[in-house]
Amino acid sequence: MNNPQKSDKGTDTNVPARTLDAPESLAWQQEGLAFNAFGAWLRRRFGGRIQRVSIDAGFTCPNVDGAVLRGGCNFCDNRSFSPSRRVRLASMLEQLQRGITSVRRRYTKVAGFIAYLQPATNTYGPLDQLETLYRAALDASPEVIGLAIGTRPDCVPDPVLDLIDTLAAEHYVSLEYGMQTVHDRSLDWMNRGHHHHSMVDAMRRSRGRRFETCAHVILGIPGESHADMMQTAQQIGPLGVDAVKLHNLYAVRGTPLGEQVLAGEVKMMAREDYIHSVVDFLERIPPQVIVERVSGDAPPDFLIEPQWCLEKSLLRRQIEAEFARRGTRQGDRYDRSIAGLPAAPDEAETESSAETAVSEETKTPKEFKTPAELKTPAGVSTPAGAKVADQTPAAIRQRIARARTLPVLKLSDET
């Protein structure tokens with residue numbers, strides 16, 4: 001994977017391809033970190049503090065507009081993390097500039113910014129409009145060093161991946177997939193409108209391209225046991241993603257989940273359980289995977305539960321303290337055999353005190369079947385000339401192909 005990197009002189013250089021055992025991918029260990037934290041990784045790569053700026057381009061989702069379902073995800077209210085959803089949608093460039101100005105007020109030294117297309121499904125639009133939007137964000141300011149695109153794994157037909165790959169030849173680009181879990185019953189509970197095979201398909205067609213991939217995962221889904229969450233962790237390696245973003249399930253007002261929590265029908269995960277689950281999860285993923293986030297929150301006016309997620313800095317310290325208590329770090333329990341890789345020399349599994357009594361049956365729930373497609377070793381691209389079938393649903397393909405102008409671009413044209 002050749003990703004461009006901006007040097008301190010502002011010129012582009014090529015970053016060598018990352019492999020599972022590349023020494024440069026484990027620099028975090030030499031820095032004494034418990035896991036491969038995103039902020040530290042960005043500093044090493046770009047030479048200073050890099051901040052993401054969220055942009056709302058007015059996209060919708062295929063489980064909102066009826067392409068696959070209606071109603072949207074049961075936990076989702078885009079207003080809880082996108083203020084522009086509560087007012088007239090500002091132009092993309094205006095949002096970006098406001099975000100940069102706001103960050104500059106908070107931090108005196110920022111080396112650059114990543115334009116983050118965050119709310120809704122940001123590949124769910126006509127290809128020409130996507131290109132206009134992506135390029136406008138990347139060209140908005142010399143301070144913008146890259147682009148992050150949040151989307152669903154069932155909304156990336158090959159032409160979209162080809163476009164993002166082309167952009168990644170000249171810029172840092174990250175494609176964030178809303179994987180959430182490997183368990184289809186949980187995806188059904190969320191009203192996602194896709195199953196885990198969509199993530200498998202998206203990653204099979206993404207591996208070997210020049211952009212980075214990130215899997216967004218939710219911990220604490222009702223009905224999922226600790227063993228279920230660990231099964232999701234064990235599939236991060238075989239999928240071959242470059243990064244993972246962990247997110248505690250939280251309930252916000254105005255959502256079906258919020259109503260269930262207020263009615264006492266669903267309970268959110270306790271703080272201590274979440275801390276232990278995060279550490280257990282990170283112990284089971286490859287050590288070179290970047291950890292972009294270890295928790296999530298919402299504005300207090302929207303948040304119902306859990307209130308502890310508002311204490312993000314404290315929560316991060318508590319997660320690091322749990323690693324220290326166990327004497328472990330990210331990857332210590334990673335099972336290379338799941339990804340079809342040989343065991344590392346003298347590799348020994350480190351049992352955490354929290355799980356010494358866990359049985360083999362609990363570690364591998366019987367109802368979960370690993371898809372055969374995941375047997376491709378992590379980080380291995382499709383052989384040259386081989387064509388991986390694009391399994392994007394036809395209804396989604398049709399919506400993406402439909403000619404229209406995205407709301408944020410309409411407003412940009414008016415100004």
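Two strands are taken to pair if DSSP finds at least two bridges between them, and helices (H or I, at least four residues) and strands (E, at least two) are DSSP runs numbered from the N terminus. The structure is a predicted model, in which local features need pLDDT of at least 70 and side-chain atom pairs count only at pLDDT 80 or more, whereas totals for chains, interfaces and linings use all residues. Residues are numbered from 1 along each chain as its sequence is written, and side-chain values use heavy atoms, with hydrogens and water left out.

The protein has 15 helices and 11 strands. Of its 415 residues, 55% count as buried, a term that stands for under 20% relative accessible area, with exposed meaning over 50% and partly exposed in between (1.4 Å probe, protein chains only). Among contacts (heavy atoms within 4.5 Å) with a separation of 6 or more, residues 24 or more positions apart account for 80%.

An open sheet is formed by seven strands in the order 3-4-5-6-7-8-10, with parallel pairing. Strand 3 (50-55) and strand 10 (290-293) stand at the edges with a single partner strand each, so one side of each is left without a neighbour in the sheet. On average, neighbouring strands of this sheet are turned by 25 degrees against each other, direction ignored; axes are lines fitted to C-alpha atoms, for helices over the stretch in contact, and angles run from 0 to 180 degrees between N-to-C directions.

Within this sheet, strand 7 (212-219) is joined in parallel to strand 8 (residues 243-248) by six bridges, with Cys214 opposite Ala243 and Leu219 opposite Asn248. Strand 6 also pairs with strand 7 in the parallel sense, over five bridges, and Ala215 in strand 7 is the bridge partner of Tyr177. Helix 7 lies across strand 6 (172-180) and strand 7, running at about 160 degrees to strand 6. Helix 11 (residues 271-283) packs on the sheet, where it touches strand 7, strand 8 and strand 10, and its direction makes about 165 degrees with that of strand 8.

Both faces of strand 7 are covered, with Glu212, Cys214, His216 and Ile218 buried on one side and Thr213, Ala215, Val217 and Leu219 buried on the other. The loop between helix 7 (196-206) and strand 7 holds Phe211, which is likewise buried, with a relative accessible area of 1%. The C-alpha atom of Phe211 is separated by 8.8 Å from that of His171, 40 residues apart along the chain.
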